[in-house]
Amino acid sequence: MRNLAPAIAGLLWISAATVASAAVADAGENGFTLSDTLTLSVPPAKAFAAMVEVGKWWSSEHTYSGDATNLSLEPKANSCWCEKLPGTGGVRHMAVVFVMPGKTIRLEGGLGPLQAMGVAGSMEWKFEPADKGTKVEVRYAVGGYSRGGFKEIASGVDAVLHEQIERYKRYADTAKP
């Protein structure tokens with residue numbers, strides 16, 4: 001069985017990151033909200049289809065298995081954004097709670113080290129027609145308890161999520177992560 005320590009350590013670095021980004025909409029003692037907007041050169045249906053192919057654009061560095069091809073996201077309610085681990089292991093990163101194909105997908109859960117913190121998280125991706133493509137809005141709101149509050153961790157989570165969103169944009173526009 002593969003040693004998961006390096007992958008877990010890679011996920012944990014976000015709690016110590018100090019990268020600032022305009023995508024941190026707010027952060028306080030009890031949570032934070034991240035927001036990102038991008039424009040793609042493809043229609044909404046294709047942008048949505050590319051998003052749910054998460055194993056093709058998410059960075060392997062930010063997985064427990066070390067291989068993003070182990071990620072899956074089935075776009076239907078009560079399914080999950082999951083990751084296969086060696087043997088019979090696995091991770092449910094987020095649960096799918098709302099889907100309007102080509103328009104919106106909403107997920108609940110905590111990514112990376114947030115999962116072990118006992119927080120609640122809601123991530124929403126909205127896809128709207130735009131001039132010659134699609135406007136995609138991504139919002140991730142997290143609330144709960146974290147010793148010392150969420151102001152410091154928010155920028156680290158934002159940095160990792162923003163990196164993934166940039167990879168998604170490249171994949172959706174060019175079919176290359």
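Is Thr 33 buried or exposed? In this predicted model, Thr 33 is buried, because its relative accessible area is 17%, and a residue counts as buried under 20%. This threonine lies in strand β2. Setting aside its neighbours within four places in sequence, Thr 33 is in contact with Ala 23, Val 24, Ala 25 and Asp 26, and also with Arg 139, Tyr 140 and Ala 141. Let us step back and see what surrounds this residue.

The protein chain has four helices and eight strands. If you follow the sequence, these elements come in the pattern α-β-β-α-α-β-β-β-β-β-β-α. Of the 177 residues in the protein chain, 47% are buried. Take the contacts between residues at least 6 apart in sequence: 56% of them join residues at least 24 apart.

Now to the sheet. Eight strands form an open sheet with antiparallel pairing, in the order β1-β2-β8-β7-β6-β5-β4-β3. At the edges stand β1 (24-28) and β3 (71-73); each has a single partner strand, so one side of each is left without a neighbour in the sheet. On average, neighbouring strands of this sheet are turned by 15° against each other, direction ignored. As a reminder, strands of a sheet pair through backbone hydrogen bonds, either parallel or antiparallel.

Let us walk through some of these pairings. β7 and β8 are antiparallel and pair over 11 bridges, with Trp 125 standing opposite Val 138 in β8. Their hairpin has two residues between the strands, and in it Lys 132 takes a positive phi near 60°. Next, β6 and β7 run antiparallel and are joined by five bridges; here Thr 104 stands opposite Lys 126 in β7. Over at β3, three bridges make the join to β4 (residues 80-84), again with the strands running antiparallel. In that pair, Ser 72 stands opposite Cys 82 in β4.

A search of the whole structure finds one disulfide. What is the handedness of the disulfide of Cys 80 and Cys 82? The torsion about its S-S bond is about -100°, so the disulfide is left-handed.

Which residues of α2 are buried? They are Pro 44, Ala 47, Phe 48, Ala 50 and Met 51. Seen down the axis of α2, these buried residues fall within an arc of 160°, so they line one face of the helix.

How far does α4 reach from its first C-alpha to its last? With 24 residues, α4 reaches 35 Å, close to the 34 Å expected at 1.5 Å a residue. After α4 comes Ala 175, whose phi is positive, near 65°.

Note on methods: Residues are numbered from 1 along each chain as its sequence is written. This is a predicted model: local features need pLDDT of at least 70, side-chain atom pairs count only at pLDDT 80 or more; totals for chains, interfaces and linings use all residues. Side-chain values use heavy atoms; hydrogens and water are left out. Two strands pair if DSSP finds at least two bridges between them. Axes are lines fitted to C-alpha atoms, for helices over the stretch in contact, and angles run from 0 to 180 degrees between N-to-C directions. The expected span of a helix is 1.5 Å times one less than its number of residues. Buried means under 20% relative accessible area, exposed over 50%, partly exposed in between (1.4 Å probe, protein chains only). The arc is that of the directions from the helix axis to the C-beta atoms. Contact means heavy atoms within 4.5 Å. A disulfide is a pair of cysteine sulfur atoms within 2.5 Å.
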